Amino acid sequence: MNGVGGVEADGERHDPRPDAAKWFLSGDDDDRARYRDAIRRACDLVLDEFADEATPYSGAKPEELDDALARFEMLPHEGDGLVAALGRTEPVLRNSVGVSDPTCVAHLQCPPTIPALAAEVLLTATNQSMDSWDQSPAATQLERQFVDELCDLFGYENGDGVFTSGGTQSNFVGLLLARNRVLLEEYGVDVQQAGLPPEARDLRILCSADAHFTAKQAASHLGLGENAVVTVSTDDDRCLSMEAFDEAVSDLRERGKRPFAIVATAGTTDFGSIDPLGPLADRAAELDCWYHVDAAWGGALALSDDHADKLAGIEAADSVAVDFHKLFYQPISCGAVLVRDESAYDLIDRNAAYLNPERDDDAGVPNLVSKSVQTTRRFDALKPFVTMQALGREGLASMVEYTIDLADDAARLVEADPDLRLVHDSDLNVVVFRYVPETGRTGDTAGERRVADLNEAIRDSLLDDGEAVVARTTVDGETCLKLTLLNPRTTREDLRELLREISTRGTALETTTDDRYA
Ligand SMILES: *Cc1c(COP(=O)(O)O)cnc(C)c1O
């Protein structure tokens with residue numbers, strides 16, 4: 001029997017490590033073999049159970065998935081090894097949405113590039129944590145250099161930034177900086193220490209009615225309340241209307257409110273529309289507002305010589321959200337928030353003795369925790385780094401350009417189909433439309449409800465059969481279908497077939513569901 005600390009009564013030392021300690025990477029030959037075997041098996045599972053699917057979804061319902069998974073205890077008392085464990089992921093892989101399938105075209109969920117998937121293997125194996133330099137020395141330096149070049153791409157000479165979990169966090173950070181700045185500069189309140197003063201009740205954020213919901217969410221998290229967000233109506237192109245903006249500002253001023261932040265969107269989630277970034281930059285300067293651009297989606301246009309001019313004005317933003325897990329084709333999660341002036345980070349400065357002591361600051365050791373609202377943080381910068389090295393900006397730009405052209409083709413195909421009506425022709429890679437059969441053009445409420453139900457039913461039936469994953473959304477009270485075309489493997493022919501299928505299903509559903517409306 002083992003004595004205390006693994007020393008037996010006879011004084012001989014035994015290895016006190018648990019048997020489970022063999023499941024870790026080391027230089028030991030057996031450990032290396034286990035790692036190689038595990039990764040190879042995982043790779044084969046991806047290829048055999050996920051990547052070979054003929055349709056983008058199995059069609060399984062929530063109950064069916066629960067049944068398939070109920071066979072496994074989630075927290076078993078004993079494990080039975082790697083091979084059995086990996087085998088149990090089969091129902092998960094089989095019933096995942098095929099993000100690389102040409103007809104998986106619902107959301108801003110991109111197919112990830114193979115170089116990025118390889119990078120993911122490296123960054124999880126090394127498990128660097130970006131909060132302090134001593135947990136991620138080379139990773140910290142790489143992220144900093146990557147961010148520096150991103151700042152150049154967007155025109156920020158003294159810029160800075162960090163990687164984030166995505167647009168939600170990036171928008172939150174932009175508005176956090178904005179809030180802290182106005183309260184410090186205008187009211188002399190260090191909100192980090194003192195909390196919100198009563199004057200904060202008058203602070204207002206301006207954005208378009210089509211801005212992402214996370215602007216309101218951030219206002220709520222920041223203690224300003226969702227009512228602090230004033231939404232400005234959009235014009236015919238679904239971009240923020242400058243006329244409506246100016247009206248909203250004079251109205252706020254009359255009521256003694258302080259507009260302190262403007263959120264412009266470069267690529268609204270439903271329409272891919274880009275707000276007037278230049279004019280809004282001018283207003284931000286005139287009104288002494290923080291200017292945040294939510295370029296979670298559209299930021300990728302900066303890569304393309306053909307499309308970069310659509311972002312003109314972004315160089316004047318105080319902060320920008322860019323997602324790499326959308327139009328930069330990186331696996332989730334991968335985003336960044338950039339600031340035009342690195343000194344903005346003074347507004348959220350704090351020191352934790354164990355991570356970023358002032359001594360390190362003085363010695364110039366970068367501990368990125370001071371720029372992030374996360375502590376432990378993934379080394380996500382490695383993914384776009386490897387992708388950029390492999391494909392170059394040119395390779396990425398070619399996909400941005402191709403998919404924007406594809407959306408244009410889709411819009412033309414919709415226009416050519418008598419049963420489909422184009423709702424919005426986007427600047428980005430999305431198309432919004434409705435199935436409206438001849439009989440549905442009555443214009444009355446019952447007719448409209450019927451068309452709405454038909455569009456829902458088309459979307460549901462495509463998903464139920466696993467045939468295609470398309471999105472639905474509501475535009476001006478009308479239920480519409482939406483194709484978000486991120487996949488550079490989707491062809492015009494795939495779209496032609498998908499749209500034909502949508503019309504065919506619409507017609508079939510119309511006859512089968514007719515009695516429901518009788
Ligand atoms: C996707 C998106 C977000 C949210 O970003 P996440 O990465 O999902 O957190 C915010 N704004 C816009 C415009 C987006 O497209």
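## Pockets and ligand shell

Helix α1 supplies the largest share of the lining of the largest pocket, eight residues. Helices here are DSSP runs (H or I, at least four residues), numbered from the N terminus. The model is predicted: local features need pLDDT of at least 70, side-chain atom pairs count only at pLDDT 80 or more, and totals for chains, interfaces and linings use all residues. Residues are numbered from 1 along each chain as its sequence is written, and side-chain values use heavy atoms, with hydrogens and water left out.

A pocket is an open set of points on a 1 Å grid over the protein atoms alone, where a 1.4 Å probe fits, with protein on both sides within 12 Å along at least five of seven lines; lining residues have an atom within 4 Å of a point. Volume is the space filled by probe spheres set on the points, which are joined across faces, edges and corners.

The largest pocket holds about 1,500 Å³. V46, F50, A51, P112 and L117 lie nearest its centre, among 45 lining residues.

The second largest pocket holds about 480 Å³. Of its 21 lining residues, R144, D160, E342, S370 and K371 are the closest to the centre.

| Residue and group | Distance to a ligand oxygen atom |
|---|---|
| G167, backbone N or O | 2.9 Å |
| H325, side-chain N or O | 2.8 Å |
| K326, side-chain N or O | 2.8 Å |

Taken alone, the ligand exposes 380 Å², of which the protein buries 85% (Shrake-Rupley method, 1.4 Å probe).

Methods. Helices (H or I, at least four residues) and strands (E, at least two) are DSSP runs, numbered from the N terminus. A polar contact is a pair of N or O atoms within 3.5 Å; within protein, one must be able to donate a hydrogen and the other to accept it, and residues adjacent in sequence count only if both atoms are side-chain atoms.
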